[in-house]
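Let's explore a protein structure together, one question at a time. Keep the picture open as you read, and try each question before you look at the answer.

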Amino acid sequence: MPRTFTPKVVTANRLLEGDAVWLTANGHWSPRMDDAELITDAGTAELRLLDAETQAHLVVGAYLADARPDAAGPAPTHFRESFRTRGPSNYAHGKQERDHV
Amino acid sequence: MYKYTDFDEAFVRERVAQLRAQVERRIDGSLTEDEFKPLRLMNGLYLQLHAYMLRVAVPYGTLNSAQMDRLAHLAETYDKGYGHFTTRQNIQFNWPELRRVPDMLSDLADVGMHSIQTSGNTIRNVTADHFAGAAADEIADPRPVAELLRQWSTDHPEFQFLPRKFKIAITGSPNDRAVIKSHDIGLRIVEQDGVRGYEVIVGGGLGPTPMIGKVINDFLPEAHLLPYVEAIVSVWNQIGRRDNKFKARIKITVHEHGIDEIRRRVDARFAEILPGFSGVDQQILRSIEAQFAPPAFKTADTRGYEAARLANPAFRSWSDTNLTPHRAEGYAIVSISLKKHGATPGDATAEQMRVMADLARRFSHDELRISHEQNVILPHVHRDDLPQVYAALRDADLATANIGLASDIIACPGMDYCALATARSIPIAQEIATRVDALKIEHDLGHLKIKISGCINACGHHHVGHIGILGLDRAGVENYQITLGGDHTETAAVGERAGPGFSATEIVPAIERLMLGYLDLRETEKETFLQAYRRLGPAPFKAVLYPETARKEARNAA
């Protein structure tokens with residue numbers, strides 16, 4: 001029996017600003033994880049990652065991160081990915097800064 | 001202080017121009033990320049969790065006021081108004097945009113600074129005692145030699161592709177404030193029968209396999225320093241392991257071959273290369289030394305200082321804690337704490353940097369130091385000027401009186417910034433410091449070094465903390481391991497793991513139990529945490545850390 005596939009998103013950092021971004025279903029990079037495409041099978045995951053790797057003019061270091069479906073869209077399952085959606089905890093900098101404006 | 005020669009200036013400018021072109025080629029697609037990454041790393045440019053990070057070297061921790069002002073300018077212009085001082089006497093900017101990094105480096109070049117070899121498998125920023133040139137216990141100022149090593153190691157063609165990074169630290173004092181036994185090479189200026197030389201220590205290191213360095217040469221003549229250091233790096237460059245990143249550092253090479261075999265090989269290599277050193281290194285050293293001549297210290301009475309101590313208890317407390325004896329009559333070394341309770345260890349705002357620069361200009365012969373403990377030093381302040389310095393520091397929120405105390409915590413950036421981290425460090429440091437302040441036990445606890453790393457690479461020096469904390473990812477949850485009894489000084493020791501780790505919510509109460517437990521365990525008020533630990537061993541400290549286990553064991557024994 002095939003191993004259960006944990007749903008994934010493709011994520012990377014923007015080449016110019018370095019901020020975390022996620023690959024959407026229409027092939028754009030969004031600064032919000034809940035905009036991302038939640039990938040539910042290994043074949044698609046591999047294809048999407050290959051696609052992301054061809055976009056080196058936009059992003060750096062694309063990888064597949066575990067995610068779970070949530071009301072607003074994909075959400076992180078690991079604390080590291082969760083921090084990437086917000087920014088550091090010592091100052092309201094990064095994404096949380098923009099969210100507060 | 002060392003001033004760039006035309007050669008230095010031209011070299012640094014050329015590197016900026018090279019990086020500018022490389023960044024442009026990366027952006028226009030001529031360079032792939034795989035091609036660009038080693039180039040940006042050669043210039044200290046990392047990609048972290050939320051943004052790029054630029055690591056700028058503060059060679060041997062020494063800055064003048066114009067350089068500190070320039071760091072403030074960088075923080076304001078290219079970052080979010082602050083910078084983070086690190087345990088290797090560097091400063092990190094956490095939010096630069098790729099396109100603007102060459103401008104940052106150009107601004108730094110204006111004041112004789114750079115970020116070259118702050119990353120990659122090269123010889124990194126040479127660090128030194130942060131009280132160098134000022135300390136009362138110093139045999140000689142280690143900074144001229146540190147500068148010589150900086151020049152020698154920068155772009156050294158033989159050492160650009162080492163098995164792994166390589167770190168050198170130097171002190172001129174018997175009391176080690178530069179953690180030299182935890183470096184790949186540690187150098188200590190010593191004197192034998194009135195003749196100066198170096199004790200050379202090799203193979204120290206923290207990280208996943210912490211080791212205390214071993215003495216490879218107990219008295220190296222002064223003039224042999226550069227060929228001898230070159231011989232060490234050269235031997236390691238050949239036999240260091242490139243098959244396994246975790247076994248590549250020289251500490252493993254020394255461990256696997258044994259110090260005697262390494263010494264034999266180094267001696268052989270030294271004999272081979274010595275004739276190539278024509279003495280030009282010593283000539284250069286003499287000219288560097290001239291630039292590190294001590295400032296013209298003034299003579300003034302210290303009645304104002306004594307009066308201020310009597311009149312102002314807050315000033316008295318600060319001067320009791322944050323001053324260190326100076327070699328010059330009437331002077332003191334001022335440590336400015338970047339560890340206000342609840343603040344991020346090592347962070348300074350642009351405004352604070354400007355205040356410190358201004359104080360250096362007015363009261364410290366234009367000099368500042370960065371310590372590996374993430375504080376800033378005004379090395380040469382006359383006691384008569386201390387009340388004014390204190391008042392300015394207080395107005396800038398920089399007058400926390402906690403140097404060497406429980407809240408003077410080293411913490412790496414951890415998972416709040418670092419892509420390598422496995423857990424956060426900063427919030428743990430903030431909470432411990434806040435708790436210590438709330439309990440009002442700081443001065444009662446006395447000398448206590450708490451050091452926190454957010455991964456096994458140990459940038460936060462946790463192995464050599466009296467209390468070390470290591471943040472790990474345990475099954476997708478942050479988990480913190482405690483080590484006890486570490487020591488970063490001349491009596492260096494690696495701490496021992498206390499037992500099972502604690503969750504993010506348990507770790508601060510655990511540290512509190514440990515601190516309160518120590519107050520009960522100590523023999524007298526004079527016995528420090530480390531002394532008590534050495535006298536009693538780990539058992540009673542483990543008992544306060546793990547009360548449940550202790551109770552169970554007591555029941556079983558009954």
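Q: Is B:Arg309 buried or exposed in this predicted model?
A: Let's start with where this residue sits: B:Arg309 belongs to helix α10 of chain B, which covers residues 303-311. Its relative accessibility is 19%, and the cut-off for buried is under 20%. Therefore B:Arg309 counts as buried.

Q: Is B:Thr400 buried or exposed?
A: You can find B:Thr400 in the loop between α13 (386-395) and β16 (410-411) of chain B. Its relative accessibility is 12%, and under 20% is the cut-off for buried. So B:Thr400 counts as buried.

Q: How far apart in space are B:Thr400 and B:Asn322, C-alpha to C-alpha?
A: Along the sequence, 78 residues separate B:Thr400 and B:Asn322. Yet B:Thr400 touches B:Asn322, and its other contacts include B:Trp318, B:Ser337 and B:His341, not counting residues up to four places away in sequence. From C-alpha to C-alpha, the distance between B:Thr400 and B:Asn322 is 8.6 Å.

Q: What is the phi of B:Asp193 near?
A: Look in the loop between β8 (185-192) and β9 of chain B to find B:Asp193. This residue is exposed, with a relative accessible area of 81%. Most residues other than glycine have a negative phi. B:Asp193 is not a glycine, yet its phi is positive, near 50°.

Q: Is B:Lys440 buried or exposed?
A: Here is another residue other than glycine with a positive phi: the value for B:Lys440 is near 55°. B:Lys440 lies in the loop between α14 (426-439) and α15 (442-445) of chain B. Its relative accessibility is 64%, and exposed means over 50%, so B:Lys440 counts as exposed.

Q: Which class or classes have five residues each in the lining of the largest cavity?
A: The model has six cavities of 30 Å³ or more, and the largest holds about 80 Å³ of space. Among the residues that line this largest cavity are B:Ala57, B:His114, B:Arg124 and B:Thr154. By class, two of the lining residues are charged, and the classes with five each are nonpolar and polar.

Q: How many polar residues are in the lining of the second largest pocket?
A: The second largest pocket has about 640 Å³ of space. Its lining is made of 29 residues, and those nearest its centre are B:Phe131, B:Arg177, B:Glu373, B:His447 and B:Lys449. Three elements of chain B, α11 (313-322), β11 (323-325) and α17 (529-536), each give at least two residues to this lining. Sorted by class, the lining has five nonpolar and seven charged residues, and its polar residues number 17.

Q: Which three residues supply 23% of the area that chain B buries against chain A?
A: The size of an interface is often given as the accessible area lost when the parts come together. Here chain B and chain A bury about 2300 Å² between them, with 58% of it on carbon and sulfur atoms. The contact involves 32 residues from chain B and 24 residues from chain A. On the chain B side, the three residues that supply 23%, more than any other three, are B:Leu49, B:His50 and B:Met415.

Q: Is A:Arg86 buried, partly exposed or exposed?
A: In chain A, A:Arg86 is in the loop between α2 (79-84) and α3 (95-100). Not counting residues up to four places away in sequence, A:Arg86 touches A:His93, A:Gly94, A:Lys95 and A:Gln96. Its relative accessible area is 35%, which falls between the 20% and 50% cut-offs, so A:Arg86 is partly exposed.

Key. Residues numbered from 1 in each chain as written. Chains lettered and ligands numbered in written order. Predicted model: local features only at pLDDT ≥ 70, side-chain atom pairs only at ≥ 80, totals over all residues. Heavy atoms only, no water. Helix = DSSP H or I, 4+ residues; strand = E, 2+ residues; numbered from the N terminus. Buried < 20%, exposed > 50% of the residue type's maximum accessible area, 1.4 Å probe, protein only. 1 Å grid on protein atoms, 1.4 Å probe; cavity = no way out; pocket = protein on both sides within 12 Å on 5 of 7 lines; lining within 4 Å. Points joined across faces, edges and corners; volume = space filled by probe spheres on them. Nonpolar A, V, L, I, M, F, W, Y, C, P; charged D, E, K, R; others polar. Contact = heavy atoms within 4.5 Å. Buried area = accessible area lost by both parts, 1.4 Å probe.
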